Amino acid sequence: MPNRRSLIACAAALCLAPAAWAQSPAVSPAVPPEVAAVLPGAVLQGSGRLRFIGLSVYDARLWRAAAPVAADWTTAPLALELLYLRNLVGKQIAERSLKEMRRQRDLSDDEASRWLTAMTQVFPDVKDGDRITGLMVPGLGARFAINGVVKGDIRDLEFARLFFGIWLSDKSSEPALRRALLGSP
């Protein structure tokens, strides 16, 4: 039977192991097909996890073309991939998105109504393991794919700027996730 010191050392090793794994270089995930179709040669810029009151909600990945997405990300083609870690209702995702967009600027009632309707039509209910990918396409607006299948476009450049600003704007409610996505220290 192991002695107490052995058990404590083993427990300490198990507790430290996840931190060590997090610091080791990770293998870059494969570029999703819906991203490759819009961003040939796409590379991963950064990734992070959104937690809410200690619960993991989703893992986020920011994909970019050859040039890094910088402070002026609003003119760059990019893709934001969200891998959900829990079940959520699509309408509530749309409502929360609109609330986060309003952090960046005031929205007219018309804009808010149009955008909420458009997002409600595009965002499904999600379950653990589902993936929503938003693609910012300059000159078009935003394209959304669900589990790799294109679901629809929202052809509004201001919508796209504010939607992706939820994660990338300096007014993001999640500055640590923003830094992780942009690869900032």
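Predicted model: local features only at pLDDT ≥ 70, side-chain atom pairs only at ≥ 80, totals over all residues.
Reader: Which residues of α5 are buried, and what makes them count as buried?

Author: They are Phe159, Ala160, Leu162, Phe163, Phe164, Gly165, Ile166, Trp167 and Leu168. Each is called buried because its relative accessible area is under 20%.

Reader: How do you know that the span of α5 agrees with a helix?

Author: Take 1.5 Å a residue: the 12 residues, 157-168, should span 16 Å. The end C-alpha atoms sit 15 Å apart, so the two values agree.

Reader: What happens at the start of α5?

Author: There, a side-chain oxygen of Asp156 comes within 3.0 Å of the backbone nitrogen of Glu158. The cut-off for a polar contact is 3.5 Å, so this pair counts as one.

Reader: Which residues touch the most other members of the largest nonpolar core?

Author: Out of 39 residues, those are Tyr58, Met119, Phe144, Phe159, Phe163, Phe164 and Trp167. The largest share of this core, 8 residues, comes from α5.

Reader: And what does Tyr58 touch?

Author: Leaving out residues up to four places away in sequence, Tyr58 touches Trp167 and Leu177, among others including Leu82, Leu83 and Tyr84.

Reader: How confident is the predictor in this protein?

Author: The average pLDDT is 84, and 82% of the residues score at least 70. Over residues 1-25, though, the pLDDT is below 50, and that stretch has 1 contact in the model beyond near neighbours in sequence.

Note on methods:
Residues numbered from 1 in each chain as written. Heavy atoms only, no water. Helix = DSSP H or I, 4+ residues; strand = E, 2+ residues; numbered from the N terminus. Expected span 1.5 Å × (residues − 1). Buried < 20%, exposed > 50% of the residue type's maximum accessible area, 1.4 Å probe, protein only. Polar contact = N/O pair within 3.5 Å; in protein donor to acceptor, adjacent residues only side chain to side chain. pLDDT = per-residue confidence, 0-100. Contact = heavy atoms within 4.5 Å. Core = buried A, V, L, I, M, F, W, Y, C linked by side-chain atoms within 4.5 Å.
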